[in-house]
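Open the model in your viewer and keep the sequence panel handy. We will go from stop to stop, selecting a few residues or helices at a time.

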Amino acid sequence: MRSRRQLRLPFGTIVATASTRVALSFDDGPDERITPDLLAVLAEHGVSATFFVLMSKVRRDPDLLRTVAEAGHEISLHGPDHRRITELSRRDATLGLSRAADELAAISGQTIRWYRPPYGALTARAFVAVRQSGLTPVLWSATTWDWKDVTHAQRIDKARSGAQPGSILLAHDGLLDTLDGVTGEPEVRCDRPKLIDEVLGGLREQGTGVGTVGAAIEEGDAVRSLRFLRPRRPSPWGR
Ligand SMILES: [Zn+2]
């Protein structure tokens, strides 16, 4: 009954969980301009989050990455830099992710389990590369719109409507530049610490717990999708 057993195998990209809590995640850091202020907000709320970091940022400020890890947050990989993994051969993608995860584990002192592809871009070939590198791809099911040129009120509405028990909420703690392999990134004004403070305040009022992706998956099963995305920029899926 090989096919039935295969059906039961955990397979696909994690997009949400069956947990009662919201998993809070940050991409594109660590960044001295944003991360320390966000860490202060998370500490005030007593909340742990998952940080999908770029090695192109970590290498510039490994002490900041250690500060994030030592504050009890979960360290995960967003990539060697912010270029699309879908543009690499499977071999190059596997090698690049393996090396980045090893380096990140050595600096953070944590086992690196999750990988979030830049722009959410993931083909079947890239998926295989991620799994071969020992990582599991994680996307998101709710966003703060902190990467989009909208008002603060619209961001709050978007986050609150999307952040339900089991959702994985996307936010950012880094600004991308050429050292991350990105040019022409539009500058978006967003008071991220204020945004996260208000989102966490709203979730606390409604009695919804918030934590890391890993903690949510331990509490409830991972919800997976086999749908692959190759969004063009600008992407409706954030960055
Ligand atoms: Zn990103």
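Start by selecting Arg116 and Asp27: their side chains meet in a salt bridge, with N to O at 2.7 Å. The term salt bridge here means a side-chain nitrogen of Lys or Arg within 4 Å of a carboxyl oxygen of Asp or Glu. Arg116 sits in the loop between β5 (114-115) and α6 (124-132), while Asp27 belongs to strand β2 (residues 22-27), so the pair ties together parts that are 89 residues apart in sequence. Helices (H or I, at least four residues) and strands (E, at least two) are DSSP runs, numbered from the N terminus.

Is this pair buried or exposed? Arg116 is buried, at a relative accessible area of 0%, and Asp27 is buried too, at 0%. Buried stands for under 20% relative accessible area, exposed for over 50%, and partly exposed for what lies in between (1.4 Å probe, protein chains only).

A word on the model before moving on. It is a predicted one, in which local features need pLDDT of at least 70 and side-chain atom pairs count only at pLDDT 80 or more, whereas totals for chains, interfaces and linings use all residues. Residues are numbered from 1 along each chain as its sequence is written, and side-chain values use heavy atoms, with hydrogens and water left out.

Next, select Asp177 and Arg60. This is a salt bridge whose closest N and O atoms are 3.0 Å apart. Asp177 is in the loop between β8 (168-172) and α8, and Arg60 is in the loop between α3 (55-58) and α4 (62-70), so this pair links parts 117 residues apart in sequence. Asp177 is partly exposed at 23% relative accessible area, and Arg60 is partly exposed at 39%.

For another pair, pick Arg91 and Asp92, whose closest N and O atoms are 3.9 Å apart in a salt bridge. Arg91 is exposed at 60%, whereas Asp92 is partly exposed at 41%. Across the whole structure, a search finds 12 salt bridges.

Time for helices. Show α7 (residues 152-162) and α8 (residues 192-205): their axes come within 10 Å and cross at roughly 40°. Axes are lines fitted to C-alpha atoms, for helices over the stretch in contact, and angles run from 0 to 180 degrees between N-to-C directions. The two helices are therefore oblique to each other.

Keep α8 and bring in α2 (residues 35-45). Here the packing angle is about 15° and the axes are 9 Å apart, and α2 and α8 are therefore roughly parallel. Angles under 35 degrees count as roughly parallel, over 145 as roughly antiparallel, 65 to 115 as roughly perpendicular and the rest as oblique.

Now go to Leu139, in the loop between β6 (136-137) and β7 (142-143). Leu139 is buried, with a relative accessible area of 7%. Draw a C-alpha to C-alpha distance from Leu139 to Thr86: the two are 15 Å apart in space and 53 residues apart in sequence.

Finish at the surface with Phe11, Leu226 and Phe228, which form a nonpolar patch with about 300 Å² of accessible area together. Patches are made of residues with over 30% relative accessible area and no salt bridge: like charges are joined within 9 Å, nonpolar side chains (Val, Leu, Ile, Met, Phe, Trp, Tyr) within 5 Å. Accessible areas come from the Shrake-Rupley method with a 1.4 Å probe; for residues, only the protein chains shown count as cover.
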